[in-house]
Amino acid sequence: MTTRPTARENILNKLREAVSWPKAESASRPKIGTGDAGDPAALTDIFETKATGAAAVVKRVGGISEATRQIVSFMKEDGLSSAIISDEEIIGKAGIKAALEKAGLRAITISSEPADYKEACFAADAGITGAPYGIAETGSLAMVFDSRNPRLVSHAPFCHIALLMADDILPDTETLVARVTERRVPPSAMALVTGPSMTADIALTAVRGIHGPGKLYIIIIG
Amino acid sequence: MKIEVEEFKRKANEGLNNAHQRELLGRLPVIFKALRDYSFSTLADPKAALERGAAIRRESIANLPAYLEAFEKKAVENGANIVWAEDYREAREIIIDLARKKKVKTITKGKSMLTEEMELNRALGDNGIDVFETDLGEFIVQQMNRTPFHVVGPALNVAVEEIADLFVSVMGVEKTLDLGGLTMQARGFLREKFKQAEMGITGVNMAVADTGSIILVENEGNIRFSTGGPKTHVAVMGIEKIVPTMDDALHVLRLLTRSCTGQAVSSYVNVINGPKKKGEPDGPDELFIVIVDGGRTKIYADPDFRQVLGCIKCGACLNVCPVWNKIGGYAYGWVYSGPIGSILNPLFLGLERAHDLYHATTLCGACREVCPAGIDHPRLFLKLREKRASGDRTWGARRLPLAERLTFSAWAWGISGEGRYRTAGKLLRWMLKPFVTGGVIGKLPAMGSGWTRFRDLPAPAERPFRRRWSDGERGTTK
Ligand code: SF4
């Protein structure tokens, strides 16, 4: 699929030929404080308040083994029997696969079923991933997708359980973007995730879990 | 989608006479206002935030060609394919062609007003390709074959009972009136489509010039599926969707979600830089960004109307509009409704065809006050009226009929001389006298009947103000 040779030039030329707006009218851009997330020490608290306000369930734990136990208990409480888990370092460190299996739950890794990867994501009860960053201003998780934390693991199952290091909570999205663009190549895609999937399209009434996860658990470590 | 902008009066009446709709519109503005007010109160300085938003949009539009080129360059570096289309037909053909080449049978689609403008779904359907709108409201509208009632909530007026019956006939499910149940029926049905789809088509909320990223805002997660699952992602954007920098985009985002739904941020904000990278098990193999003109360069060329391209389609102006809140969204007869629809529909379809829309405004300015893009709607309504009155070839406006022009010329002549004014006043009082009943004129014959069809004229005073003034009747009410 290519552009008809003249289409691009025609469009740009029409725009270029249009009379320009008087210069004086282009207003300056004051920097706007976001009102929240001013105090770095309080970032985790702010994050927790905002995420909870957006209907995520937030749990703070002291260390990684406690996080693993917490995942198992979330799964049991909700009566979930299978989870697809991402391939990130933190997930490996937490020994989640072994812990789930020990508790009699099914754990599917993304590398174990590459051919059926998509099907496995849709079939699992829960998706367990890390979240590279949290955003205090809005209580959002910043999912930066790559081969170890791909898109569907955190989105296709009805329940998403995310591990977030307290140190990775940033004040706002501007800081996030600065952090991510420090890398040499930008990620193919990112998603800010704030609370579960939601709709109010029928009768203006909010219902959760229309397409994406209806439940979002965030475990903050540290 | 049938274009029915000419039917404004009839459809406005239908809206006014629809009891269910009236009840809904009674509640709607209260809810939207509360949500919006609260969400803006969490910003350090809401007014300055709005001003900055307007400045960003103005700057984006002012230097549009340069930013478009910069965006293209970056996006190509990131691995996206950029395709340009001058009009709706060309854009449709590009997408259909691509779908055919890739042997696509099923497409899942995110909500996009531009693809509504260009009737993409009909064209795909005509070519034997199944396309499913996946935003719940848009899915309902598509299955019912209706126009959107509201830019943000296209089906928020449709009764639960009607949706329940629709789901029974479309999905073959058991009828339920439970909202959670209905939502799960839609989830189940569209999940299968997400699994099958070989192509996802979405719109674009913002295209960032300095990074080549596209940003897509949603609450449901249907866009995450449509952009993350299928092998091909086609994003369709109007040329006006550009913002200069990522920081600008993040600021506009704060205003967009607050203005749309009163949220500090939506459930999902997708920032897409390109197709999947090596080793990623999901994400599209190819990303196509189709940049469409579709009448926008024409708006750009007219400095009187150019500012309207700054619109970010948040829907806030509808929610505060005293007209929209009485007649609802269908009266506007095309893709856009409310104040923004009263500007865009005429500019896209013709000033003559859609003239009722920009005349049916009160010029109260509530829309301008909430607009995060700094659009001066009342000024644009007046410009539209002016261009129609004086006739304007570019915008398909004939001059007013001779009789009407003569009437106004006579009126202008009549009021510009004291003697003429006094005589005309006397003459009118005498002529109108027979039509006065109970202090008002409820019905006039002939040319005057249009004026009195929907309103009463107060009866002319027995003694005109000028007389009372000169008779020394000052400082009293009688
Ligand atoms: S005109 Fe302004 S308020 Fe109305 S939809 Fe566009 S951006 Fe929103």
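Let's start with the cysteines: counting pairs of cysteine sulfur atoms within 2.5 Å as disulfides, the total over all chains comes to zero. Keep in mind that this is a predicted model, where local features need pLDDT of at least 70 and side-chain atom pairs count only at pLDDT 80 or more, while totals for chains, interfaces and linings use all residues. Residues are numbered from 1 along each chain as its sequence is written, chains are lettered from A and ligands numbered from 1 in the order in which they are written, and side-chain values use heavy atoms, with hydrogens and water left out.

Take B:Cys367 as a case. Its closest cysteine sulfur belongs to B:Cys364 and sits 5.9 Å away, so that pair is too far apart for a bond. B:Cys367 is also buried, at 7% relative accessible area. Here buried means under 20% relative accessible area, exposed means over 50%, and partly exposed is in between (1.4 Å probe, protein chains only). B:Cys317 counts as buried too, at 9%.

Now for the place where the two chains meet. With contact meaning heavy atoms within 4.5 Å, chain A brings 76 residues to the meeting and chain B brings 99 residues. About 7500 Å² is buried between chain A and chain B, and carbon and sulfur atoms give 60% of that. Buried area is the accessible area (1.4 Å probe) that two parts lose on being put together, summed over both.

The interface of chain A and chain B holds 35 residue pairs in polar contact, both residues being at pLDDT 80 or more. A polar contact is a pair of N or O atoms within 3.5 Å; within protein, one must be able to donate a hydrogen and the other to accept it, and residues adjacent in sequence count only if both atoms are side-chain atoms. On the chain A side, the elements that each supply at least two residues include helix H1 (5-17), helix H7 (173-181) and strand E9 (189-193). Helices (H or I, at least four residues) and strands (E, at least two) are DSSP runs, numbered from the N terminus. H1(A) gives the most, with nine residues. Sorted by type, the chain A side has 35 nonpolar, 24 polar and 17 charged residues. In that sorting, Ala, Val, Leu, Ile, Met, Phe, Trp, Tyr, Cys and Pro are nonpolar, Asp, Glu, Lys and Arg are charged, and the others, Gly among them, are polar.

A:Ser147 lies in the loop between strand E6 (140-144) and strand E7 (159-165) of chain A, and is partly exposed at 32%. Leaving aside neighbours within four places in sequence, A:Ser147 is in contact with A:Ile110 and, over in chain B, with B:Gly279, B:Glu280 and B:Pro281. A:Ser140 sits in strand E6 of chain A and is buried, at 1%. Its side chain makes a polar contact with that of A:Thr138 (2.6 Å), and among the residues that A:Ser140 touches are A:Phe47, A:Val193 and B:Val265. B:Ser266 belongs to the loop between helix H12 (246-261) and strand E9 (268-272) of chain B, and is buried at 2%.

Finally, the charges. Side chains of opposite charge can pair when their charged atoms come close. A salt bridge is a side-chain nitrogen of Lys or Arg within 4 Å of a carboxyl oxygen of Asp or Glu, and the structure holds 49 of them over all chains. In B:Glu23 and B:Arg27, the closest N and O atoms are 3.1 Å apart; these residues are four apart in helix H2 (residues 19-41) of chain B, so about one helical turn separates them. B:Asp37 and B:Lys33 also form a salt bridge (2.6 Å, N to O), again four residues apart in helix H2 of chain B. B:Arg463 pairs with B:Asp471, at 2.7 Å between the closest N and O atoms. Elsewhere, salt bridges with shared partners join A:Arg8, A:Glu9, A:Arg16, B:Glu69 and B:Glu72 into one network. Across the interface of chain A and chain B there are nine salt bridges, one of them between B:Glu69 and A:Arg8, with the closest N and O atoms 3.8 Å apart.
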